[in-house]
Amino acid sequence: MIPKKLDLKDSQIESPDLLPKIERRKFLKMGFAVTGLLAGGKILSLLSIANKSFAFSKEQYPYKPHYSMLIYQNRCIDCELCLEACIKTNNVPTYGYRTNILHRKVSMAVDQQVEFIPVLCNQCNRPPCVTGCPTKATYKDSKNGIVMMNYKKCIGCKTCMTACPYNARYYNEEIRSVDKCDFCYTNRLSKGLTTTACSEACPAKVRIFGDLSNPGSELYQMIHQVEKTVWVIRPESGAAPNVFYTRG
Amino acid sequence: MKKLKILLLTLMLLTGLYFLLTTKSSLAEQGGNEDLIIYTKPVKAVSFNHKAHSEDYGISCNICHDKIFQMEALNVEKKDDFNHKSFSKGKYCGVCHDGKKGFAMDRQCTRCHIGVKGLNKISKR
C-alpha cells in the first residue's frame, strides 16, 4: 500500500517552541469561559477547560484516596523547616532532596521583592517518569495515585530524572537507586498518620495535604472554586500534576 | 592651661570615638552587618533594618528602647512569646506594624522574612 502523502499544511507542529503559545491560547479560552460565567454562563464551561491541565475531573477521581497538595505560594518564608522534617523522616542524604524551595525576584513589585516557591514531586496522573522507566522500578500506585519507587528494580539509568518536568528526583548513592517524594507514604501514611512531614512542620500553613476526592476537605474546596486562581507548574507538559498552587 | 584644654578635648573625642566604634562592631557581630539585625529564632530568618528605622524613618530611639526592645541586639529572641501571635496582640514588632503606623504583618511575608537563602547570602558577604 502506498502511504498517504503527508499534508504538512494541516499537520500540527510539535516543536517545543510552540508549546507556550498553545498554553497562551488555552489561557485565553479559559478567560472567555470565565467571562461567560460572569455573564450567566455555565460553570461547566470553565471546568471542562481546567480539566485539560489539571489532574482531576469534577465527576470522577482516578484514585481513592486521591492524595494531593495545595501550596499557598505567598505564605512561604523559606524557613526550611519542611526540608528539615523531610530529611529527618525520609533519610535524605545531604546531596539529595525530595522537596525544595525555589526563589525568584519580583522586580515589578513595589514592596515585596522576593517570592519563595516550594516544589516537590507532583504525583502526576500521566507521569513521564513512569513512561520512561525501562524496568518498572517507578510506578503509579493503583490505589492512591502516588508515584512510588521500587529501589530493588532501579538500575540507575536516570531516564526518569530526565523525563521529570519538575526536577523532583535525585540519585541516592547509598541505596544505589533514584529516590523521590512519595508523599511520606512509606514512613508516615502507611503507618496511620494523615499528613506529610513537610506539611506538618510548616509554621505558615503553606502546604495543605489532603484527599482531593473528599468534598469535605480544605483541598477540595479550595480547588473547586472560581474566585481565586489555582494553577499548576508547567501545565504544557501534559502530565496532569496533583500539586496545586494559589495565593491567599 | 590651653595645652591642658586641648589634651582633655582630644581625650574626650577619642573615648567618644571608641564607644561609637565598639557599639557598632558589636551590632555587626550580633546581627550580620552594621545596618541589619538578622533574627534566626523562632524561624530562619528575619531581617530588621535598624539603620532605616532609626535614620531614614526618623523614629527616635526611645520609641523602641528600652521598653519594647532591649539595647542588646537579638536579646528578644530569648523570650518564648517573640512570635507572630504576640505581634498580632500588639507586642514587639506589632506595636508599630499594625497596618496603621507601619505596614500590616498578615501579608507580604518576604518584606521581613528573608529565609535561609537570604541568611546564606548575607553571611557570605
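**Entry 1, ground rules.** I am reading a predicted model, in which local features need pLDDT of at least 70 and side-chain atom pairs count only at pLDDT 80 or more, while totals for chains, interfaces and linings use all residues. Residues are numbered from 1 along each chain as its sequence is written, chains are lettered from A in the order in which they are written, and side-chain values use heavy atoms, without hydrogens and water.

**Entry 2, the sheet.** I looked up strands (DSSP runs of E, at least two residues, numbered from the N terminus) and their pairing (at least two DSSP bridges between two strands). In chain A, 4 strands make an open sheet with mixed pairing, in the order β8-β1-β10-β9. Because β8 (207-211) and β9 (230-231) of chain A each have a single partner strand, they stand at the edges, with one side left without a neighbour in the sheet. I then followed β1 (residues 67-72) of chain A, which pairs with β8(A) in the antiparallel sense over 5 bridges; I71(A) has R207(A), in β8(A), as its bridge partner.

Counting heavy atoms within 4.5 Å as contact, I found 17 residues from chain A and 12 residues from chain B taking part. The buried area (accessible area, 1.4 Å probe, lost on putting two parts together, summed over both) is about 1,200 Å² between the two chains, and carbon and sulfur atoms give 54% of it. There are 2 salt bridges between chain B and chain A, a salt bridge being a Lys or Arg side-chain nitrogen within 4 Å of an Asp or Glu carboxyl oxygen. D78(A) and K117(B) meet in a salt bridge through their side chains, at 3.3 Å from N to O.
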